[in-house]
Amino acid sequence: MESLRGHLLVAAPSLLDPNFARAVVLIAEHTDEGALGVVLNRAGEATVGEIVPDLSSLVDEDEIVFTGGPVELSGVMVLAEFEDPDDAALPIDGDLGFVALEADMEEVAAGRARAFAGHAGWGPGQLDAEVAEDSWFVAPFERQDAFTDEPGELWSRALVRKGGHFALVARMPEDPSVN
């Protein structure tokens, strides 16, 4: 499968794992060795100032830390817009990428930034198999997806953008029995 780096994975309604039900994942890395991404639409309850105050020079201390996925929840990844795209540890889209762990936060000149506790990860071939069995829909990434003020609406918006029958799926209630 072609690399999905810089694409969205939108959870199919049949994906019932509570970590990924109606999740939208931005893929940061996808190689033969596996894949890594962050869930964009799971706003947490704590702020950067409460959890990782050392990042407050990069991400406003009042910003919510998002739950990036079930892997390494004690680790924090920062997705940011860089003045120099070459400074990104994992580039995603032009000047958008992930901040290197060893970066001097005072020297990282970035635009918008968002912090994620944990990430999503797949072993070799695992993501390819899940996409092939339609557990995930691949969708194009748009910059506003990473910084949306309405993360709860991202799943539906990404599917509507794909069009066709995906737009119908976007309107499905979470619990079809209440329809």
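# Briefing: cores, charge pairs and rings

Glutamate 142 is partly exposed, with a relative accessible area of 29%; here buried means under 20% relative accessible area, exposed over 50%, and partly exposed in between, using a 1.4 Å probe and protein chains only. This is a predicted model, in which local features need pLDDT of at least 70 and side-chain atom pairs count only at pLDDT 80 or more, while totals for chains, interfaces and linings use all residues. Residues are numbered from 1 along each chain as its sequence is written, and side-chain values use heavy atoms, leaving out hydrogens and water.

- Side chains of opposite charge can pair when their charged atoms come close.
- The rule for a salt bridge asks for a side-chain nitrogen of Lys or Arg within 4 Å of a carboxyl oxygen of Asp or Glu, and by this rule the structure has eight salt bridges.
- Glutamate 142 pairs in this way with arginine 161, their closest N and O atoms being 3.4 Å apart.
- Glutamate 142 sits in the loop between strand 10 (136–140) and helix 3 (143–146), and arginine 161 in helix 4 (residues 154–162), so the pair ties together parts that are 19 residues apart in sequence.
- Helices (H or I, at least four residues) and strands (E, at least two) are DSSP runs, numbered from the N terminus.
- Arginine 161 is partly exposed, with a relative accessible area of 28%.
- Arginine 161 also forms a salt bridge with aspartate 145, where the closest N and O atoms are 2.8 Å apart.
- Because arginine 161 belongs to helix 4 and aspartate 145 to helix 3, this pair ties together parts that are 16 residues apart in sequence.

**Aspartate 145, seen from its own side**

- Aspartate 145 counts as buried, at 1% relative accessibility.
- Leaving aside neighbours within four places in sequence, aspartate 145 is in contact (heavy atoms within 4.5 Å) with Leu8, Leu40, Pro140, Leu154 and Arg161.

**Other charged groups**

- Arginine 157 and glutamate 150 meet in a salt bridge, at 3.8 Å from N to O.
- Arginine 157 is partly exposed at 30% relative accessible area, and glutamate 150 is partly exposed at 49%.
- A network of salt bridges links Glu81, Asp93, Asp95, Arg112 and Arg143.

**Nonpolar cores**

- A nonpolar core is a set of buried Ala, Val, Leu, Ile, Met, Phe, Trp, Tyr and Cys residues joined through side-chain atoms within 4.5 Å.
- The largest nonpolar core has 44 residues, and those with the most contacts inside it are Leu9, Trp122, Leu127 and Trp136.
- Strand 2 (residues 24–31) gives this core its largest share, five residues.
- Another core, of 14 residues, lies apart from it, with Leu55, Val78, Phe82 and Ala113 among its members.
- Not counting residues up to four places away in sequence, the residues that tryptophan 136 touches include Leu9, Leu15, Phe20, Val25, Trp122, Leu127 and Glu130.

**Aromatic rings**

- Rings of Phe, Tyr and Trp (its six-membered ring) pair if their centres lie within 6.5 Å; planes under 30 degrees apart count as stacked, over 60 as edge-to-face and the rest as tilted.
- The whole structure holds five aromatic pairs.
- Tryptophan 122 and tryptophan 136 have ring centres 6.1 Å apart and planes at 80°, so the pair is edge-to-face.
- Tryptophan 122 lies in strand 9 (residues 110–122) and tryptophan 136 in strand 10, so their pairing ties together parts that are 14 residues apart in sequence.
- Both tryptophan 122 and tryptophan 136 are buried.
- Phenylalanine 137 and phenylalanine 166 have ring centres 4.9 Å apart and planes at 70°, so this pair is edge-to-face.
- Phenylalanine 137 in strand 10 and phenylalanine 166 in helix 5 (residues 165–169) link distant parts of the chain, 29 residues apart.
- Phe20, Trp122 and Trp136 form one aromatic cluster.
- Lysine 162 lies over the face of phenylalanine 166, at 4.5 Å from the ring centre; the rule asks for NZ of Lys or CZ of Arg within 6 Å of the ring centre and within 35 degrees of the ring normal.

**Two backbone angles**

- Arginine 22, in the loop between strand 1 (7–11) and strand 2, has a phi near 55°, a positive value in a residue other than glycine.
- Aspartate 134 has a positive phi of about 60° although it is not a glycine, and aspartate 134 lies in the loop between helix 2 (126–132) and strand 10.
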